There are 2 protein chains.
Amino acid sequence: MIRFYNGKTLRFEGGARLTADEVWTDGGVISYVGPAREDRPAFEREIDLGGDLLLPGFKDAHTHTAMCFLRSLADDMPLDRWLTEQVWPNEAKLGAEEVYDLTRLGILEYLSSGVTASFDMYFENEANARANIDCGFRSVFCSALNDFDKDVENIEREYLRFNSLHPLISYVLGIHGEYTTSLGRMEYLASLAEKYKAPCFTHLCETKSETEGCVERYGLTPPQLLDRLGFFRYGGGGYHCVWMSDEDVALFAHRGLWAVTCPSSNLKLASGIAPIERMRLAGVPLAIGTDSAGSNNALDMFREMYLVSALQKVTESDAAACPADAVLEMACVGGARAMGLEDCRDVAPGMRADLVVLDLKRPNMQPENNIVKNIVYAGSKENVRLTMIEGVVRYERGEFFVGESAERIYDRARAIMRRIRG
Amino acid sequence: MIRFYNGKTLRFEGGARLTADEVWTDGGVISYVGPAREDRPAFEREIDLGGDLLLPGFKDAHTHTAMCFLRSLADDMPLDRWLTEQVWPNEAKLGAEEVYDLTRLGILEYLSSGVTASFDMYFENEANARANIDCGFRSVFCSALNDFDKDVENIEREYLRFNSLHPLISYVLGIHGEYTTSLGRMEYLASLAEKYKAPCFTHLCETKSETEGCVERYGLTPPQLLDRLGFFRYGGGGYHCVWMSDEDVALFAHRGLWAVTCPSSNLKLASGIAPIERMRLAGVPLAIGTDSAGSNNALDMFREMYLVSALQKVTESDAAACPADAVLEMACVGGARAMGLEDCRDVAPGMRADLVVLDLKRPNMQPENNIVKNIVYAGSKENVRLTMIEGVVRYERGEFFVGESAERIYDRARAIMRRIRG
C-alpha cells in the first residue's frame, strides 16, 4: 500500500476539480481518496507530495511505440514517401528481438512524459507484449490488417490471446487504413467486429490524398465507407481525422466514434490540421495520441496537448477555441475511454492506480494562477515527478524502474541502429 | 577556469558541425576549444560531459520577461481584448519591486530552458536591470516608445545609461508598435536612430487588423511606413512578422532586417502563422522569441523551435520546409546577431562563455540518429543539464544558482498575485 499526501489531486468524475484529497493505493488499485484519516493502515511507502499535483496518467491514444528507432532518421518528407522510402524498408529489417528492445526504449519516453498507457499499432506483438509486461507498462494493441498481411486469421488469434494474456495488455480490432486494405479484408474485419461485438479503429482521413482516393475508389469518404461495411457497428473510431467532411463529423458524433488527434505528426508530415473544435462542438468524443517518434519525433503529451488547443485557436481565428480543461480531459479521460480502459480514467476508489505526479515547483508552473491551464499551456516533461502504473512506481525524479537500466536499453537500441544502417 | 570535456560540442562558424572538442572558459570568456591537451592549467572545476552536448545558449529574441505573472490568468481571448482587459489593467498595478521580483521568476524559466539571453521589452528598466544583474543573466532591453509614455526623452537617457551600466545589460532603440505610436513619436525614434547610427526594433505585422489599420492610416504597410521614416536606416527588425506582404519580405531581405518569430504566441492569440519559410528562402535573417508567458504561456525555446519548423511544413504543404539545422541556427546564432550579441553566438575562443549542456541520455534523445534533429524535433526542458552565462553556472540538474532560492522567488511572486487579484 502506498499513500500520497500533502498535495493536490485532480479528479474528473462529476466535473474536473482540484481537491486536497490524499490517495491510497492497494496492489494495482486505488483504495481510498479523501481527507487525511487517523485510522491509517501500515503503508509500504508514504509519498509527501509537498504541494505537487496527483492526477490520472495521460493516455497516448495512438502510437507505434517501437518506431522510435526512426527518430530523426526519416525527416523532412511527406507521408507517402516517408512510408515507402523510410518506414517500410527499415521496418522490414526488424525481428521480434528488435521490436522488444525498441518498445522498451519507447516505454521509457512514455514514462518520462507521464503517459501510463499506449494504444499501440505495431507488429511482432508477442515481443511487444513481453516488453510491456517486463516494464510494467500498460498497452492496448490495435490490429493493423492490410493487404501485406500473409496470415489474415492471425488477427482473430491475437484478439483472443492478447485479451486474456495479462492484466496490462488488451487488444482492439483494427485495419491499418482504407488505402492499404482491400474491400474484402475490410469486410472480414467488420465480420470479426460483428462476431465479438467489438469496436474497430483505423488510420482515417490522415491526408488529403488518402481521403480523396477513397472517394474516387468507392464514391464514399473513408468514414462513410467503413460505416457502410459495418466496421463501426460496435463503436471504435479513427486515428488522425484531419480531412473530415461535415457529414463525417456528424457520423462520428451520431455513432459516438472516437476521433484520436495527433497534431504534431500532422504538422510535421504536412498532413494538415484536424478540425478538433468543430468535432468537439458537434459532440464527437476526443482523445490524443503522439503517433510514432518516427514521424513527430517525440512521445511528448505536453507538446500534443498544447498543439490540440493552440492550433484550433489559430485555424478558428478564435483565441477562446478548445480551452485547456477540455484538452486535459481528452488526454486523461478521453484516451482511457477510447482504449477501453474505463477503470484507468480517474482518481477514484476502485480505479486502477495509473497515476502521475506533476512537479508544480518548477518556474513554468509559477505562479499558480490556474493549474490546469499551466499544465496544458506551459507544461513540459520537466514537470513529471513520478509515473505509477498498476500501483507500481515506474519513474521518479528522472530514474526509471523497469527492471533494467536506461543505459542498457539505449545500448541495445544503438546496436540495432548499427545493424540496420549497415 | 572551467573545463568541459568528454562530450560533443556544436560549433556554428563555417557551417554547423559536431566535434569532440573540449572547451575551457576563463572568467566570462571561452579561452580554448579543441582536442584534449596535456598542458592544462589548473581548473576551478572540470565538468565531465559524459557524452552530452555543449552548444551556444539559446537567445530568446523577443520577450516581456516580467509578464510571467499573467501566465494562465488571461487566456482564451484575442490580442486586442487581451491587451485592453487583462494586460494593461494588471500591469498598471506593478511597480519597480514587482518588476524586479517577476523578472527573477522569468529568468529561472529561461535558465531551465537553456536560454542565456533575453531581448526584453518592458518598463521599470532600473528594476529589470537589477534583476538580471543580481541573477547573472544577460538581457538586451528594447525601448517600447508609445503614446502612453509621459516622458519621451527617457528613451535617450535609458539608451545611454543601459549601454554603459554593466557587461550583462545592453539597450536597443524601439517603439512598441505602429498602432500604439503616433507619427511624431515614430519620427522622433528614427531621429535617435540617426543620431546614434543604431538599429531599431518594434512589434510588427503581428495581427491582420494591426497591419490593415496601418495601410488605412498611412497607405503603407508597417514595414514600408517605418522604412520611409528612416527607422531602419541602421538595421533592426520586427517582432512577429506574421502578416508580411511579398514587398515587405523583399524590403526585409534587402535591408538585412531581422524577423523575430514567436510562433506559440501567434497560435495562442489566434494571430496567424508567420511566413518563415518564404522569408528564409528570400534571405531574411531570422531569430526566435517566446514572447511573454502571459500570452503563450511558457518561456520554452524547445517548443518554439519545434513550431518554427513544423508550422511551415503544414502551411507550405511541404514536409521538407524549414529544416532542423536552420532552426537551431536561428535560436543560437540568429538571436545573438539580432540582439547585437555577436560575441555570444558560438563556441569559439574569444566568445563570451554563454553555454548550455544538453543531456543526450534521456529517452527522447535516443537513438542518436541525428542530434540536431533530435534537439529541434524532440527536445524538451528535461534535456537542459546546465546553463552557463558569462562563465558562471546558473543552472545545473534542476538547481538554480541566482543568489536566492527558487522557492523564495516563487513566494514573492505569489504575494504579488495576492495583492493584484485583491
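Helix 2 of chain A passes helix 14 of chain A in a left-handed crossing; a crossing gets that name if the near helix is turned anticlockwise from the far one by less than a right angle, and is called right-handed if clockwise. Helices here are DSSP runs of H or I with at least four residues, strands are runs of E with at least two, and both are numbered from the N terminus. The axes of helix 2 and helix 14 of chain A come within 9 Å and cross at roughly 135°. Axes are lines fitted to C-alpha atoms, for helices over the stretch in contact, and angles run from 0 to 180 degrees between N-to-C directions. Helix 2 and helix 14 of chain A are therefore oblique to each other, a word for whatever is left after angles under 35 degrees (roughly parallel), over 145 (roughly antiparallel) and 65 to 115 (roughly perpendicular).

Before going on, please keep in mind that this is a predicted model, in which local features need pLDDT of at least 70, side-chain atom pairs count only at pLDDT 80 or more, and totals for chains, interfaces and linings use all residues. Residues are numbered from 1 along each chain as its sequence is written, while chains are lettered from A and ligands numbered from 1 in the order in which they are written.

Back at the crossing, residues of helix 2 including Glu98(A), Leu102(A) and Arg104(A) meet residues of helix 14, among them Ile409(A), Arg412(A) and Ile416(A). Two residues are in contact if their C-beta atoms, placed from the backbone, lie within 7 Å. This contact holds 7 nonpolar, no polar and 4 charged residues, where Ala, Val, Leu, Ile, Met, Phe, Trp, Tyr, Cys and Pro count as nonpolar, Asp, Glu, Lys and Arg as charged, and the others, Gly among them, as polar.

Now look at the sheet of chain A. Its 8 strands form an open sheet with parallel pairing, in the order 8-9-10-11-12-13-14-15; strands pair if DSSP finds at least two bridges between them. Strand 8 (58-63) and strand 15 (286-288) of chain A each have a single partner strand, so they stand at the edges with one side lacking a neighbour in the sheet. On average, neighbouring strands are turned by 25° against each other, direction ignored. Strand 14 (residues 258-261) joins strand 15 over 3 bridges, and Ala259(A) has Leu286(A) as its bridge partner there. Helix 11 (residues 301-315) of chain A packs on this sheet, touching strand 8, strand 9 (115-120), strand 14 and strand 15.

Helix 11 (residues 301-315) and helix 12 (residues 324-338) of chain B pack at about 135°, with axes 9 Å apart, and their crossing is right-handed. Met305(B) and Val308(B) are among the residues of helix 11 that take part, and Val327(B) and Leu328(B) among those of helix 12. This contact has 8 nonpolar, 1 polar and no charged residues.

Finally, how do the chains meet? In all, 53 residues of chain A are in contact with 54 residues of chain B. Helix 11 of chain A gives the largest share of its side, 6 residues. That side divides into 27 nonpolar, 12 polar and 14 charged residues.
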